[in-house]
Amino acid sequence: MAMKTYQFGQHVIKSSCAFFRSSLTVAFVNIKPVLPGHVLVSPVRVVPRFKDLTTEEITDLFQSTQIISNIIEKHFQSTSLTIAIQDGPEAGQTVEHVHVHILPRKQGDFEKNDDIYDKLEHHDDFTADTKFRTEGVMLSEAKQLRNYLPQRYVEMIDKD
C-alpha cells in the first residue's frame with residue numbers, strides 16, 4: 001500500500017511528516033523551519049487564498065491552530081508564539097495554499113522581535129546552498145508531536 005500524501009499547493013507532503021489531522025485540517029513539520037518547532041497548519045482542501053475558505057474550514061483551521069499551538073509551546077518550551085498567515089504573493093505567500101505558520105518564541109531568539117517577519121518572508125528563498133531537514137529528522141519530530149494529541153487526530157492522518 002502506498003503512503004498517503006497531502007497536496008500542499010505545488011508540493012506533495014508525505015503523511016509521515018504530518019502529526020495532526022482533523023476532518024478539514026492537517027498539520028505537518030517544516031522542511032526548512034525558521035526556528036525549531038516551526039510547523040504549518042493547512043486546510044486539507046487546496047485553497048490558494050484565505051477569502052476562498054468555507055466557514056467550516058475557517059472554524060476548523062483556527063480551532064486546530066489553537067490545539068497545535070498549545071502543543072508546540074509545551075514541546076519546545078517556548079514562552080510565546082508567532083502565529084502568521086501570508087495571504088497572497090505581496091504578503092510573502094510562496095505556496096499557493098492557505099497555511100498558518102506557528103513558531104515557538106523565546107526571549108532573545110531574534111535581536112529585534114519583529115525580525116522574525118523578514119526571516120519568515122524569505123525562508124522560502126532557495127539557493128544551491130539551502131539546507132533542508134532530512135525525512136528522518138522530520139519523521140522523528142512528527143512522531144514526538146503526535147504523542148501530545150488525542151488519538152482521534154493521529155488516526156486520521158493516513159485516512160482519506
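**A walk through a predicted model**

Apart from its neighbours within four places in sequence, Ser-23 is in contact with Asp-60 and Met-156, where contact means heavy atoms within 4.5 Å. Ser-23 sits in the loop between strand 3 (18-21) and strand 4, and from Ser-23 to Gly-92 the count is 69 residues in sequence and 28 Å in space, C-alpha to C-alpha. This is a predicted model, in which local features need pLDDT of at least 70 and side-chain atom pairs count only at pLDDT 80 or more, while totals for chains, interfaces and linings use all residues. Residues are numbered from 1 along each chain as its sequence is written, and side-chain values use heavy atoms, with hydrogens and water left out.

Turning to the whole protein, there are 4 helices and 7 strands, which are DSSP runs numbered from the N terminus (helices being H or I with at least four residues, strands being E with at least two). Along the sequence these elements follow the pattern β-β-β-β-β-α-β-β-α-α-α. The C-alpha trace spans about 45 × 35 × 30 Å along its principal axes. A compact globule of 160 residues would have a radius of gyration near 15 Å, and the protein, with 15 Å, agrees; this radius is taken over C-alpha atoms, and the globule rule is 2.2 Å times the number of residues to the power 0.38. Of the 160 residues, 45% count as buried, that is, under 20% relative accessible area with a 1.4 Å probe and protein chains only. Among the contacts with a separation of 6 or more, 65% come from residues 24 or more positions apart.

On a 1 Å grid over the protein atoms alone, a cavity is a set of points where a 1.4 Å probe fits but cannot get out, and lining residues have an atom within 4 Å of a point. The largest cavity has a volume of about 30 Å³, the volume being the space filled by probe spheres set on the points, which are joined across faces, edges and corners. Its lining includes Tyr-6, Phe-28 and His-97, and strand 1 gives the most, with 3 residues.

Technical notes:
On a 1 Å grid over the protein atoms alone, a cavity is a set of points where a 1.4 Å probe fits but cannot get out, and a pocket is an open set with protein on both sides within 12 Å along at least five of seven lines; lining residues have an atom within 4 Å of a point. Buried means under 20% relative accessible area, exposed over 50%, partly exposed in between (1.4 Å probe, protein chains only).
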